[in-house]
Amino acid sequence: MSEKALRLGTRRSKLAMAQSGQVAKAVRQVTGRPVELVEITTYGDTSREHLAQIGGTGVFVTALRDALLRGEVDFAVHSLKDLPTTQPEELVLAAVPVREDPRDVIVARDALKLTDLPRGARIGTGSPRRASQLNAYARAHGLDIETVPIRGNVDTRIRYVRDGELDAVVLAAAGLSRLGRIDEVTDFLSVDTVLPAPGQGALAIECAADRADLIAALGALDDPLTRAAVTAERSLLAALEAGCSAPVGALADLLADGQIVKEMRLRGVVGTTDGTRTVQLSTTGPVPQTHDRASALGRELAAEMLAQGAAGLMGERAH
């Protein structure tokens, strides 16, 4: 008797399908079971509103989670940065695979780098976090740029540049890499210039909490170091109570001595969208060995940031 296929719930976007296809292949390898993709349309995919207005992070996730809870799919793949920071009790993150490049990149006309853009260059991004940090960087380095709010998939965003409507757009390196389009990048933005979104570049594989067999099988794809890093980043985000209205950037990276990973450095930034005021701090400590230690690292840095005035920069809370 052939084993029943595992049903993987995925969004329909090209990027989501590419990500889910890669995970499906990995799950086939570790379980020996067939995996079929089940396409689910989410509110975030059909709404034309700006993400900040429709409630930000949860809009791509809710329909997938509903399908999981109804038993229509066995597991789901999310971009980790899309996941709300509170985890529903009935669902569990069975695996956080090895993270792709977490950096943001620009795709600019004439293969330009950020620092080569002409005065008054229009840079498209749908992310207040990216706008905030680019504006702060420009102010600090005497660049004259204008950030323009856009949304849409990767094709739509890059077309704005190809059609001459914008000089450049900002995208995530990981997404372009998974789509096989990394060669279109004209500049990789250093994390010293723009800190990524918490969890950027990482995927989350989620399933029902009562599926012990499936949790164990999917666990083979988990990368403990990636999980520790994103746990710290998301804990920082949760403690800043950012919602989507406040631009928070965070990155935990691992500091290695030769081949041995010794420490984790967590950096966080929050600022006004125009980049006039920012609070940026970092902390370094031993690599957290437990979920609780990783979470504590994020909370501790958030508390320091709030003490340094981050609370006053939060803008409108998303309710």
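A salt bridge here is a side-chain nitrogen of Lys or Arg within 4 Å of a carboxyl oxygen of Asp or Glu. By this rule the count comes to 23 salt bridges. The model is predicted: local features need pLDDT of at least 70, side-chain atom pairs count only at pLDDT 80 or more, and totals for chains, interfaces and linings use all residues. Residues are numbered from 1 along each chain as its sequence is written, and side-chain values use heavy atoms, with hydrogens and water left out.

Three of these pairs are listed below.

|---|---|
| Aspartate 74 and arginine 7 | 3.2 Å |
| Aspartate 167 and arginine 109 | 2.7 Å |
| Arginine 119 and aspartate 144 | 3.9 Å |

Helices (H or I, at least four residues) and strands (E, at least two) are DSSP runs, numbered from the N terminus. The aspartate 74 and arginine 7 bridge ties together parts 67 residues apart in sequence, because aspartate 74 lies in the loop between helix H3 (62-69) and strand E3 (75-79) and arginine 7 in strand E1 (residues 6-10). Burial is read from relative accessible area (buried under 20%, exposed over 50%, partly exposed in between; 1.4 Å probe, protein chains only). Aspartate 74 is buried at 8%, while arginine 7 is partly exposed at 23%.

In the second pair, aspartate 167 lies in the loop between helix H5 (154-162) and strand E8 (168-172), and arginine 109 in the loop between strand E5 (104-108) and strand E6 (121-124), so parts 58 residues apart in sequence are tied together. Aspartate 167 is buried at 13%; arginine 109 is partly exposed at 29%.

Elsewhere, salt bridges that share partners join Lys14, Asp155, Arg162, Arg181 and Glu184 into one network.
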